[in-house]
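Student: I should like to learn how to read the features of a protein model. May we work through one together, step by step?

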Amino acid sequence: MAPIAVAISPDIKDTVPPKKDTLGLPEAARKRLEKAGIDLQHGYPYRPAKPLYLDDIHKIRDYDREFVDPGSRADPAKKALLSAAKEVIHLTAHIGTEIVGLQLKDLTDQQKDELGLLIAERSVVFFRNQEISPQEQKKLGEWYGEIEVHPQVPSVPGVSGVTVIWPALQATEYPASFRNPGGASRWHTDLVHERQPAGVTHLHNDTVPTIGGDTLWASGYAAYEKLSPAFRKIIDGREAVYRSAHPYLDRENPNAGPKFLERVHPLVRVHPATGWKALWVNRAMTVRIVGLDKAESDLILGYLYDVYEKNVDIQVRFKWTPGTSALWDNRITIHNASWDYAGNEPRHGTRVTALAEKPFFDEKAPTRRQALGLAGPEDI
């Protein structure tokens, strides 16, 4: 009998077959997605086939792209945004602001620019009680840069670039425990391996546990300012190797085992909207300092990680409520999601990340404290 030829469309062969919703999509998430017209009949979320080879990943967005930070064209006083809010709450002295009384989907272009500047200054900005669909979330994200479409992370069906943050789903592949919570429960920043890494990320959580599940952010501006002026001179202008979160195989030598995609970026970078210097390292994905021996690099990086992670006065810990959005700048922060709720209650959200500029360092750039007139004798 002659073999039967079966035509497979590109859309089918390049994706993972849909799976039924065996986890039980949280009710608030289901209602939000159905209201937005998301098709849940063929499985949720959409799961792209995981790429195998490192060279395929390296080719993704491996070219320079023009980028203009919206915050750089904003009114420094941010009057259009702040005057429209019912309340503006600064959660700590150095990082974190909550805006009350505005809907993100209704912001004007001017308000979007001013929000970009506010995020650049305060690092992370929160909005509770948001009525926003995945499509509207993506549209807002596009204002802040090219939307990152991840090659293997689950996403909302039919809305490319809106990834699904659902710990219960992640646990089906990487089980979490009290001693090893894994995933986002470590200090990190997103997409550092990109040629032009992440700028503003918008995470909207429609479902959160009643107890626990907080997220912490730490300020890169303040972490840099914690360093002595003499130590800053040691790392200013130096570069480090940053790796991807996921490993891949070398096509030419697959038996060598998984390898990470690596890029070289500056240890200290300057934000284009504020012009302030920020420490840009994270324990999860900053591998080594270029030009130093491993022992030297490990020693310095270990200290820099500790400065970021152990100074609680440069951090904010945020308690989520259902329907809350957080927008933060990956260029000037690290973050950590607490898994203290141990998966006992559902947590579900959608995330959009806008890619920004190629990281750069400018020796003449000021620190945040210097720019704001807060620097003392110890900062000089």
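Tutor: Please note that this model is predicted.

Student: How far apart are the end C-alpha atoms of H5, and what span should its residues give?

Tutor: At 1.5 Å a residue, the 14 residues of H5, which runs over residues 109-122, should span 20 Å. The end C-alpha atoms of H5 are 20 Å apart, so the two values agree.

Student: Which residues have the most contacts inside the largest nonpolar core?

Tutor: The general idea is that nonpolar side chains tend to be buried together in soluble globular proteins. Here the largest nonpolar core has 28 residues, and those with the most contacts inside it are Ile235, Leu267, Leu279, Val281 and Leu304. Strand E7, helices H8 and H9, strand E8 and helix H10 each supply at least two residues of this core. H10, at residues 294-310, gives the most, with 6 residues. Beyond its neighbours within four places in sequence, Leu304 is in contact with Leu227, Phe231, Ile235, Leu279 and Val281. A second, separate core of 17 residues includes Ala85, Leu104, Leu115 and Ile119.

Student: What is the order of the strands in the open sheet?

Tutor: In general, strands of a sheet pair through backbone hydrogen bonds, either parallel or antiparallel. This open sheet has 3 strands in the order E9-E8-E12, with antiparallel pairing. E9 and E12 stand at the edges, each with a single partner strand, so one side of each has no neighbour in the sheet. Neighbouring strands are turned by 30° against each other on average, direction ignored. E8 and E9 are joined by 7 bridges, and the bridge partner of Ala240 in E9 is His265.

Student: Is Glu357 buried or exposed?

Tutor: The relative accessible area of Glu357 is 9%, so this residue is buried. Glu357 is found in the loop between strand E16 and helix H11. Its side chain makes polar contacts with the side chains of Arg269 (3.0 Å) and Arg331 (2.7 Å). Other residues that Glu357 touches include Phe67, Gln196 and Pro272.

Notes. Residues are numbered from 1 along each chain as its sequence is written. This is a predicted model: local features need pLDDT of at least 70, side-chain atom pairs count only at pLDDT 80 or more; totals for chains, interfaces and linings use all residues. Side-chain values use heavy atoms; hydrogens and water are left out. A nonpolar core is a set of buried Ala, Val, Leu, Ile, Met, Phe, Trp, Tyr and Cys residues joined through side-chain atoms within 4.5 Å. Buried means under 20% relative accessible area, exposed over 50%, partly exposed in between (1.4 Å probe, protein chains only). Helices (H or I, at least four residues) and strands (E, at least two) are DSSP runs, numbered from the N terminus. Contact means heavy atoms within 4.5 Å. The expected span of a helix is 1.5 Å times one less than its number of residues. A polar contact is a pair of N or O atoms within 3.5 Å; within protein, one must be able to donate a hydrogen and the other to accept it, and residues adjacent in sequence count only if both atoms are side-chain atoms. Two strands pair if DSSP finds at least two bridges between them. Axes are lines fitted to C-alpha atoms, for helices over the stretch in contact, and angles run from 0 to 180 degrees between N-to-C directions.
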